[in-house]
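Grab the model and work through these exercises with it open. Try each task on your own before you read the solution.

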Amino acid sequence: MTDTAAINLAAFAAELRAQCAAEIDARTEGHFNGRPWLREAFLTVPREHFVPDQYWWPNPRDDGLHYVIDRRERPRAWLRGVYRPRTSLITQVADGAVRPQDEPTDAPFTSAVSCSAAVVDMLHHLDPHPADQVLEIGTGSGYSTALLAQRVPAENIVTMEIDTELADRARASLAGLGLRPAVVAGDGELGYPHRAPYTRIICTAAVREVPRAWLDQAAPGAVVITPLYGPFGHDALLRLIADGQGGGDGRLVTGVAFMKVRGQRAERSFEELGWPTVTGPWPRYVDADYHVTVRNGRQKIQIV
């Protein structure tokens, strides 16, 4: 690629980033609202820096297969995908057993660069501050980590990724922007007790049940944000306030859709997971107040 072509693509990316921010601006709840630092971070961090040269498009073709968009072959189309605010970019399939060069696939997705709007909304509800000690579960590409590091010093952030290859790639991408949080290759469900207690904990994959280790490692009043799998046909975002004694209370705040953490992919009954018994259809989280309590490693969800 010539220098002129690279400059043109960089300008195109900046234009798309601004357009994406403007689309997110239109949302009247969460997202950038009341968080000027977050909008500035979004415009500062080049999302394309964290996206692999090849990703699977999340919407299948007519034959049910997901195709690959290659940056080297279609750089402008690749960039447009990067800055679609409601589009997640699939970066890993079948835990890495399927590679982009293996032709289109219908194998299960196992990692993605989450859509811009969802990343922003989760950070809105996390509401981090510069003095916070942050634990992030699910580093993935490192993009969310980079946004966090515009608000919280990188040395105050521990981010965990269960896939060693993804962790290594994210560590290098973050370092490429001069950001050096602690990137730990390990099972995020276990947390990282060496740097506890944490005042902010965020998970970028869905859980069926909040892991006890997170709350055991949370300071009193810590904010915990995680997608929680529920009976709505998608996940709901849980915002939990830790009591500093291994428990917490919170509520479901909005709808999201995320891949599940590896240790919680297996089906479990909603009764076992602490959900109430409901006669008829489940009320949507926007129509009912779902209160979530976690005590002694067990969660309980009530409609109040």
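**Exercise 1.** Work out why strand 10 (residues 235-242) counts as largely enclosed by the rest of the structure.

*Solution.* Start with the terms: strands (E, at least two residues) and helices (H or I, at least four) are DSSP runs, numbered from the N terminus. Buried means under 20% relative accessible area, exposed over 50%, and partly exposed in between, using a 1.4 Å probe and protein chains only. Now go along the strand: six of the eight residues of strand 10 are buried, so the rest of the structure largely encloses it.

Before going on, a word on the source: this is a predicted model, in which local features need pLDDT of at least 70 and side-chain atom pairs count only at pLDDT 80 or more, while totals for chains, interfaces and linings use all residues. Residues are numbered from 1 along each chain as its sequence is written, and side-chain values use heavy atoms, with hydrogens and water left out.

**Exercise 2.** Find how strand 10 is joined to strand 9 (residues 218-229) and to strand 11.

*Solution.* Two strands pair if DSSP finds at least two bridges between them. Take strand 9 to begin with: it runs antiparallel to strand 10, with seven bridges.

**Exercise 3.** Describe the largest pocket: its volume, and the residues closest to its centre.

*Solution.* On a 1 Å grid over the protein atoms alone, a pocket is an open set of points where a 1.4 Å probe fits, with protein on both sides within 12 Å along at least five of seven lines; lining residues have an atom within 4 Å of a point. A volume is the space filled by probe spheres set on the points, which are joined across faces, edges and corners.

- The volume is about 740 Å³.
- Of the 44 lining residues, A112, T204, A205, F258 and M259 are closest to the centre.
- Strand 4 gives the largest share of the lining, five residues.
- Strand 11 (248-256) is among the elements that supply at least two residues each.
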